[in-house]
Amino acid sequence: MSDLDDRLTETGLAAKGDKPVLLLACGALAHEILALRTLNGWTHLDLQCLPAIYHNHPERIVPGIRAAVAAHRGHYDQIFVVYADCGTGGQLQAACAELGVSMIAGPHCYSFFEGNAAFEARDEMTAFYLTDFLVRQFDAFVWRPLGLDRHPDLRDMYFGNYEKLVYQAQTENAELTEKAEEIADRMGLAFERRYTGYGDLAEALRQL
């Protein structure tokens, strides 16, 4: 097994005798993509996920996508990148254009989950966003990486400019909503739950 295979998580099987579409996605989107695939019967979509922790390391996204495209291009007629810009400062879009692959539109997943147009219109500069995935993985992806498990006194330094936590719910899940409210309390922020469903992600995959 190659180093690339170690870094990728395979969650789809190519259909024999044809060349389905390959989705190269953030691991934080795997659950949602697979749910949409099952719900709509999109068996022509195969999925390979880069590690979800790249959410905290945007500098790793472009090299990861380049390596994945190189590894899989010969097996697929079409590759679609399920990352928005995600902190790459336009570098991911430039790389995709160079590689001849398409990617989902938007600055980040919070935007395309709500719908890019609707998100931009809100202009919420003081909101901290969580998705279903990040509610589940809040300690692993936010609290511990910031050192707040060891130094809770740093909370206001990190979050003092935020006014509310917006939980963008992809699903109707009372347990996740309760956990998101607890996280808002822990962060000292007002809480808002906003059901978004899958937003522009669903339409982007439908067009494939």
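## A first look at a predicted protein chain

At 24% relative accessibility, Cys 86 counts as partly exposed, because that label covers everything between buried (under 20% relative accessible area) and exposed (over 50%), with a 1.4 Å probe and protein chains only. Cys 86 sits in the loop between S4 and H4. Its phi is near 55 degrees, a positive value in a residue other than glycine. As background, most residues other than glycine have a negative phi.

Before going further, a word on the model. It is a predicted model, in which local features need pLDDT of at least 70, side-chain atom pairs count only at pLDDT 80 or more, and totals for chains, interfaces and linings use all residues. Residues are numbered from 1 along each chain as its sequence is written, and side-chain values use heavy atoms, with hydrogens and water left out.

### The chain as a whole

The protein chain has 11 helices and 8 strands; these are DSSP runs numbered from the N terminus, with helices (H or I) of at least four residues and strands (E) of at least two. Its C-alpha atoms fill a box of roughly 55 × 35 × 30 Å along the principal axes. How does the radius of gyration agree with that of a compact globule? For 208 residues such a globule would have a value near 17 Å, and the protein chain has 18 Å, which agrees. The radius is taken over C-alpha atoms, and the globule rule is 2.2 Å times the number of residues to the power 0.38.

Buried residues make up 46% of the 208 residues. Of the contacts with a separation of 6 or more, 69% are between residues 24 or more positions apart, where contact means heavy atoms within 4.5 Å. The accessible surface comes to about 10600 Å², and 50% of it belongs to carbon and sulfur atoms; such areas come from the Shrake-Rupley method with a 1.4 Å probe, and for residues only the protein chains shown count as cover.

The chain carries 18 positive and 30 negative charges, and their mean positions are 4 Å apart. Lys and Arg count as positive and Asp and Glu as negative, while His and the chain ends are not counted. The place of a charge is NZ of Lys, CZ of Arg, CG of Asp or CD of Glu.

Let us turn to helix H4 (residues 91-99), where Leu 92, Ala 95, Cys 96 and Leu 99 are buried. Seen down the axis of H4, these buried residues fall within an arc of 100 degrees, so they line one face of the helix. The arc is that of the directions from the helix axis to the C-beta atoms. In general, an α-helix has 3.6 residues a turn, so residues three or four places apart point the same way. The face of H4 turned away from its buried side carries the exposed residues Gln 93, Ala 97 and Glu 98. Cover for the buried residues of H4 includes H3, strand S4 (78-82) and strand S5 (102-103). After H4 comes Gly 100, with a positive phi near 75 degrees.

Helix H2 (residues 30-40) has Ala 30, Glu 32, Ile 33, Leu 36 and Arg 37 buried. Its buried residues pack against several elements, among them strand S2 (21-26), helix H5 (109-114) and helix H11 (199-206). Gly 41 follows H2, and its phi is positive, near 70 degrees.

| Residue | Relative accessibility | Class |
|---|---|---|
| Leu 176 | 7% | buried |
| Ala 190 | 45% | partly exposed |
| Glu 59 | 53% | exposed |
| Asp 123 | 54% | exposed |

Leu 176 is found in helix H10 (residues 174-187). Leaving aside neighbours within four places in sequence, Leu 176 is in contact with Asp 132, Val 135, Arg 136, Tyr 167 and Thr 171. From Leu 176 to Gly 115, 61 residues apart in sequence, the C-alpha distance is 21 Å.

Ala 190 lies in strand S8 (residues 190-195). With neighbours within four places set aside, Ala 190 is in contact with Glu 163, Lys 164, Leu 165 and Ala 184.

Glu 59 has its place in the loop between strand S3 (45-50) and helix H3 (61-72). Its C-alpha atom is separated by 33 Å from that of Glu 172, 113 residues apart along the chain.

Asp 123 lies in the loop between helix H6 (116-122) and strand S6 (127-130). Phi of Asp 123 is positive, near 50 degrees, in a residue other than glycine.
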